[in-house]
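Work through the exercises below with the sequence and the 3D view side by side. Try each task before reading its solution.

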Amino acid sequence: MWGKKQNLKKEEENQNIVQNNEQQYNILKQKTIKELIAPSGIDASNIDHLEIVSNTKRYARSFFVSALPRMAIFPELFRDLYLFGDVNTSIYINPVPEAKSQNELNRVINQLETERIVAADRGNINRQSTVGQKRYEAEQLRDEIAAGFNKLYEASIVSTLFAYSLEDLDKFTSLLATEMSKSLVSIKSAWGIQEDTFKSNLPLMDNKIKKVHTFDRRSMGTIFPFTTSEVGHPTGVPLGFNKQTGVPILFDNFHPSLSNYNMVIFAKSGAGKSVTMKTLISRSAVLMGIESLALDAEGEYSIVAESLGGINVVLGPNSKTIINLFDIEPEIIKDEITGKERVVLNVENKVEDVTQALLTMARGSTRSKEVNELTKQIIAEAIGEEYAEARNYKRPFKFI
């Protein structure tokens, strides 16, 4: 009898467990979308990690960058951090006022000079040379800031790594630290301040970790999340070499990845704008068969045209070559609906172009107020009548 009672008691307990599981399952099904998406809570009682308590428990460990290399290389500095698995990174950037940066740099220069003198008195030539170089760089940076060519910034870099188990979290932590050390970047776990570091990595613009590093304008450009230093296209003409990788840079003005064919070259005088343009024109003609037209006011492209078998057209008061503003040629356009090509005469655009050219000649260099919108309308109507009367078009051509 006693054994039967025990069996019945165990069966009742099993049934109760099953009923409790069913009740929990029913409660889970009744949760709202907000409850399912948002974690039910975060346990911050641990010293070196957080537990995100939800239907599936996750673990998070936050870090901050503790040391940086002396020279920053684009885009190698934080690339491994940006591309490393399930990790979030926040960077707080604050510009340093010029007065503060000047005072700090002067203080650093004085300290370095003192160290250099002490090293020289002790006969430590290596230390003297190293400190002297640092002092020279600090003076150069101070002078650049004073002249407005440079600026100092303070940046705080915070990251949070996620995993579904503590073992994976420890493994990923060690792997991330190894990867970052390859670029001489040191990261440290936010020991004892995991909650504040985690909050600093949220999109709330609240930096609770004041571990900052000083960057100048050039080095600050290396922290942005560009994943590769390769530039150019897989096809095109060679323009030079990538200084970091040694790979040739190819440029294709008509590559499908570009939204249009336009380009502009900016540089200071003597930097090589004309050489770059001549290189692009000549190599495009030889390698890709692209014809170019240069409006050459100074005559510097005449040698390029002759070398490529082109022609030089000289326009001037004594030149026999003239430009017929009224000349119009048929154009081939592609229908957006049918996809078929057709030949058209874009007379309306031509009338507008000729009108603007004649207005410019009418105004001259004096910018006479007598040439106004009424004058423009009269010229446009006269040009339209000339095109209508002239037999510059045939039936296959269609006016737009």
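**Exercise 1.** Is Leu-184 buried or exposed?

Solution. This is a predicted model, where local features need pLDDT of at least 70, side-chain atom pairs count only at pLDDT 80 or more, and totals for chains, interfaces and linings use all residues. Residues are numbered from 1 along each chain as its sequence is written, and side-chain values use heavy atoms, with hydrogens and water left out. Go to the loop between helix H6 (166–181) and strand E6 (186–189), where Leu-184 lies. Helices (H or I, at least four residues) and strands (E, at least two) are DSSP runs, numbered from the N terminus. Leu-184 is exposed, at 59% relative accessible area. Exposed means over 50% (1.4 Å probe, protein chains only). Now check the backbone: phi of Leu-184 is positive, about 65 degrees, though the residue is not a glycine.

**Exercise 2.** Find the loop that holds Met-205, then describe its phi.

Solution. Met-205 sits between helix H7 (194–200) and strand E7 (213–216). Its phi is positive, near 55 degrees, and Met-205 is not a glycine. Met-205 counts as exposed, with 72% relative accessibility.

**Exercise 3.** Which strand gives the most to the lining of the largest cavity?

Solution. Lining residues have an atom within 4 Å of a point of the cavity, a set of points on a 1 Å grid over the protein atoms alone where a 1.4 Å probe fits but cannot get out. Among those of the largest cavity are Phe-63, Leu-81 and Ser-159. Strands E3 (58–67) and E5 (152–163) each supply at least two. E3 gives the most, with 3 residues.

Notes: On a 1 Å grid over the protein atoms alone, a cavity is a set of points where a 1.4 Å probe fits but cannot get out, and a pocket is an open set with protein on both sides within 12 Å along at least five of seven lines; lining residues have an atom within 4 Å of a point. Buried means under 20% relative accessible area, exposed over 50%, partly exposed in between (1.4 Å probe, protein chains only).
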